[in-house]
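Thanks for coming. Please have a look at the sequence and the model first.

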Amino acid sequence: MTADTQQQRDTSRCRITSVCGFSFCSRCGGNDYDDRPFACVDLTTTEGSEAMATRKTKTATTAAKRAEPPPQMQREDRRIVADKIADVYDDEGYIAPWTDDLVAQDLGVPRAWVAEVRDFMFGPANENPKLAEYRRLHSEWKADYEKFRSELAAHKAEGKRLHNTALDLQRRAEEIGVQQNRIVRECKL
């Protein structure tokens, strides 16, 4: 193998895939997540430098877009949210199965908007009684289930120990039986 073949590297363009704001090359394994170099791109050429600069700018632009604050609620938005809450909220709280989350999802608005309007115009969320009962039953069931799982694990361990003890006793009984047979044979001679 010569020095030329050892130094040889693929100079064709990288196959870049952008995932979650990071760039990955399926050809050379380079990425900007853990700073693995893009071996396919020759950064000494202007084309390679421009390609990497474009990727870095694209990543920075994507990160800047994520940092935008949520939109402000307008008067019309506030009216629509209030009308929807009035339809699904009574004196005691939300009518089953409605919650702030479901109202926000139904209207396609941020949950914070629904909570703000509900607090201002209707009062606290007052979880509907059916949901509260469901959550109570679920938490009781979950506690019982976790207790059952821990007891089952303990029983499994105990069962394994007893099984091993039974195997040991069986092995020892077979050894005693072999000795017994040998003694009986020796006595008959």
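A definition to begin with: a crossing of two helices is called right-handed if the near helix is turned clockwise from the far one by less than a right angle, and left-handed if it is turned anticlockwise. With that in hand, α3 passes α5 in a right-handed crossing. Please keep in mind that this is a predicted model.

Let me stay with that pair. Helix α3 covers residues 75-88, and helix α5 covers residues 111-121. Their axes come within 10 Å and cross at roughly 70 degrees. Angles of 65 to 115 degrees count as roughly perpendicular, so α3 and α5 are roughly perpendicular to each other. On the α3 side, the residues that meet α5 are Asp77, Arg78, Val81, Ala82 and Ile85. On the α5 side they are Trp113, Val114, Glu116, Val117, Arg118 and Met121. By class, this contact has seven nonpolar, no polar and four charged residues.

Next, α3 and α4. The axes of these two helices come within 11 Å, with a crossing angle of roughly 130 degrees. α3 and α4 are therefore oblique to each other. This crossing of α3 past α4 is right-handed. From α3, Ile80, Val81, Lys84, Ile85 and Val88 take part, and they meet Val103, Asp106 and Leu107 of α4. Here the classes are six nonpolar, no polar and two charged.

The remaining pair on my list is α4 and α5. Their axes come within 8 Å and cross at roughly 120 degrees, which makes α4 oblique to α5. Again, α4 passes α5 in a right-handed crossing. Asp100, Asp101, Val103 and Ala104 of α4 meet Arg111, Val114, Ala115 and Arg118 of α5. That contact has four nonpolar, no polar and four charged residues.

Now to the single residue. Is aspartate 100 buried or exposed? Its relative accessible area is 4%. Buried means under 20%, so aspartate 100 is buried.

Aspartate 100 is found in helix α4, which covers residues 100-107. Leaving out residues up to four places away in sequence, aspartate 100 touches Tyr94, Arg111, Val114, Ala115 and Arg118. Which side chain makes a polar contact with the side chain of aspartate 100? The partner is arginine 118, at 2.6 Å.

Note on methods. Residues are numbered from 1 along each chain as its sequence is written. This is a predicted model: local features need pLDDT of at least 70, side-chain atom pairs count only at pLDDT 80 or more; totals for chains, interfaces and linings use all residues. Side-chain values use heavy atoms; hydrogens and water are left out. Helices (H or I, at least four residues) and strands (E, at least two) are DSSP runs, numbered from the N terminus. Buried means under 20% relative accessible area, exposed over 50%, partly exposed in between (1.4 Å probe, protein chains only). A polar contact is a pair of N or O atoms within 3.5 Å; within protein, one must be able to donate a hydrogen and the other to accept it, and residues adjacent in sequence count only if both atoms are side-chain atoms. Contact means heavy atoms within 4.5 Å. Axes are lines fitted to C-alpha atoms, for helices over the stretch in contact, and angles run from 0 to 180 degrees between N-to-C directions. Angles under 35 degrees count as roughly parallel, over 145 as roughly antiparallel, 65 to 115 as roughly perpendicular and the rest as oblique. Ala, Val, Leu, Ile, Met, Phe, Trp, Tyr, Cys and Pro count as nonpolar, Asp, Glu, Lys and Arg as charged, and the others, Gly among them, as polar.
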